[in-house]
Amino acid sequence: MKSRLKITGYVVCLLSVFLLEGYISLYTGRYTVIDLGGAIDNIGKQTPHLLEEACRETLGDTQIATSDYHYQVWEKDDMFYVQLPLAYPPADETVFLHRSGYGEKNTLACTWPNVVTQEKIQAAPLEHFIAILSKEQYEDACEWCKFDLSLFGKKLAGKSHRVYPMNEVDMTGAKKIVDLHPATAYDKRPQLCRVAKEAPTRRTWYNYCLMPLSWAAEVVDIPLTIIATPIGWLVDAIYEPLHN
């Protein structure tokens, strides 16, 4: 009975510390995240990113070289086929993240490794995919949103959609209804970043083999993050008065 009470007490204390730490982190914007699970999951994985294509933009009577997304949409049998220009660089999920609060000041905020840069994305080969949307989903995709605050990304019209390599989709009889390049045209068009959220991630056979280890590391990440966050607070408390 006493051992059960001790265990219950430990669990309650840990949960209290976790909740208090989480509240302070969200309120102040100061936290440190360790993601060893993400580091393992990076191995042998490629993630999709929208890729801008070279084009020319007219400014008055002058044409200038630029780059932007190429919006192309076809309609067939009441379904909409949205082209996605994608690149598949190696996954580069953050392993260590430290945030030092809100506002402009000299801080130790850092991310390691950095998220996939535009340079890496632009260096990867361009591949065209097709997202197949219902009319309801297409209308939703054309409602542009600045932010998506949902945890895993809001699905178009609340439903999943399919994304295939373009060479695997039968486009026979499809009518092109959108062809905009660059995106400075003001015609109706879908927001590609929302459509591309269901593009497939590519994994090698050894990435699948490492999944159990990655899941186990995600569990270990929880206490590591709980320990690292107050250490980060202490470091900030020492660093910032000396450099601001």
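Reply: The structure, which is a predicted model, holds twelve salt bridges, a salt bridge being a side-chain nitrogen of Lys or Arg within 4 Å of a carboxyl oxygen of Asp or Glu. Local features are described where pLDDT is at least 70, and side-chain atom pairs are counted at pLDDT 80 or more, while totals for chains, interfaces and linings use all residues. Residues are numbered from 1 along each chain as its sequence is written, and side-chain values use heavy atoms, with hydrogens and water left out.

One of the salt bridges is formed by Arg203 and Asp41, whose closest N and O atoms are 2.9 Å apart. This pair links distant parts of the chain, with Arg203 in strand β13 (residues 202-203) and Asp41 in helix α2 (residues 36-41), 162 residues apart; helices (H or I, at least four residues) and strands (E, at least two) are DSSP runs, numbered from the N terminus. Arg203 is partly exposed at 28% relative accessibility, whereas Asp41, at 12%, is buried, where buried means under 20% relative accessible area, exposed over 50%, and partly exposed in between, with a 1.4 Å probe and protein chains only.

The closest N and O atoms of Glu127 and Arg202 are 2.6 Å apart. Both partners are partly exposed, Glu127 with a relative accessible area of 25% and Arg202 at 30%.

A further salt bridge joins Lys120 to Asp92, with 3.5 Å between the closest N and O atoms. Because Lys120 lies in helix α3 (residues 118-123) and Asp92 in the loop between β7 (79-87) and β8 (96-100), this pair ties together parts that are 28 residues apart in sequence. Lys120 is partly exposed at 45% relative accessibility, while Asp92 is buried at 16%. Elsewhere, Arg30, Asp236 and Glu240 are linked in a network of salt bridges.

As for confidence, the mean pLDDT of the chain is 84, and 90% of its residues reach 70 or more, pLDDT being the predictor's confidence in each residue, from 0 to 100. Strand β10 has the highest confidence, at a mean of 95, and strand β4 (residues 53-59) the lowest, at 69. Where pLDDT is low, the predicted coordinates should not be read in detail.
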